[in-house]
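Let's take a look at one helix and a residue from another. Have the sequence and the 3D view ready as you read.

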Amino acid sequence: MALLAVTVVGHDRPGIIAQTTGLLAGLGANLEDSSMTLLRGHFAMVLVASVEVAVGEVEAALDPLTAGGMLDVAVREVPAGDPSLVSGAPYLLSVHGGDRPGIVSAVTAELAAAGGNVSDLTTRLSGDLYVVVAEVDLPPAADAGALGDRLAAVGTELGVQVSLRPADPDLL
């Protein structure tokens, strides 16, 4: 059984998810993880699926998605991860303020310096307002209060507001 990462990116239209997952189901693929979103009118999807056929066969099966050049599709084998290795306390990070380059880089660098791992991150630009929402796992030894203070200081330097708060795992 191979574990494959499948990415699909392109101009949005109805039916991309149904068509992609239908083609994969036709190969007997089991979707194990996925993320799908719209980015400025473009659809982006990453799937991790287990399947008993070769990468080339999956690529051939997904070829109809690329008809007309509207979607780009890539398939590659990935090693199996160990979900039990993910540990730490869940937190929610939010950033909002004026848009400018370097916001995500500066905030995630501070998280990484504390040993924090971003498990999900979304950004949106609405006019001049830039918003970041991230799910973050902090190691047990991390001082979340001190990290929150450092993140707020980074935000002040960038002209944005940054907050870090414990997440209710049942809501994630």
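## A threonine and a helix

Threonine 20 has its place in helix α1 (residues 16-26); helices here are DSSP runs of H or I with at least four residues, strands are runs of E with at least two, and both are numbered from the N terminus. Keep in mind that this is a predicted model: local features need pLDDT of at least 70, and side-chain atom pairs count only at pLDDT 80 or more, while totals for chains, interfaces and linings use all residues. Residues are numbered from 1 along each chain as its sequence is written, and side-chain values use heavy atoms, with hydrogens and water left out.

Is threonine 20 buried or exposed? Threonine 20 counts as buried because its relative accessibility is 0%; buried means under 20% relative accessible area, exposed over 50%, and partly exposed in between (1.4 Å probe, protein chains only). Leaving aside residues up to four places away in sequence, threonine 20 touches Val8, Met45, Leu47, Leu62 and Leu65 (contact means heavy atoms within 4.5 Å).

Now for helix α4, which covers residues 144-158.

| Side of α4 | Residues |
|---|---|
| Buried | Ala144, Leu147, Gly148, Leu151, Val154, Gly155, Leu158 |
| Exposed, turned away from the buried side | Asp149, Thr156, Glu157 |

Down the axis of α4, the buried residues fall within an arc of 120 degrees, so they line one face of the helix; the arc is taken from the directions from the helix axis to the C-beta atoms. Those buried residues pack against β5 (89-98), α3 (103-113), β7 (129-138) and β8 (160-166). Just after α4, glycine 159 takes a positive phi of about 80 degrees.

Technical notes
Expected span 1.5 Å × (residues − 1).
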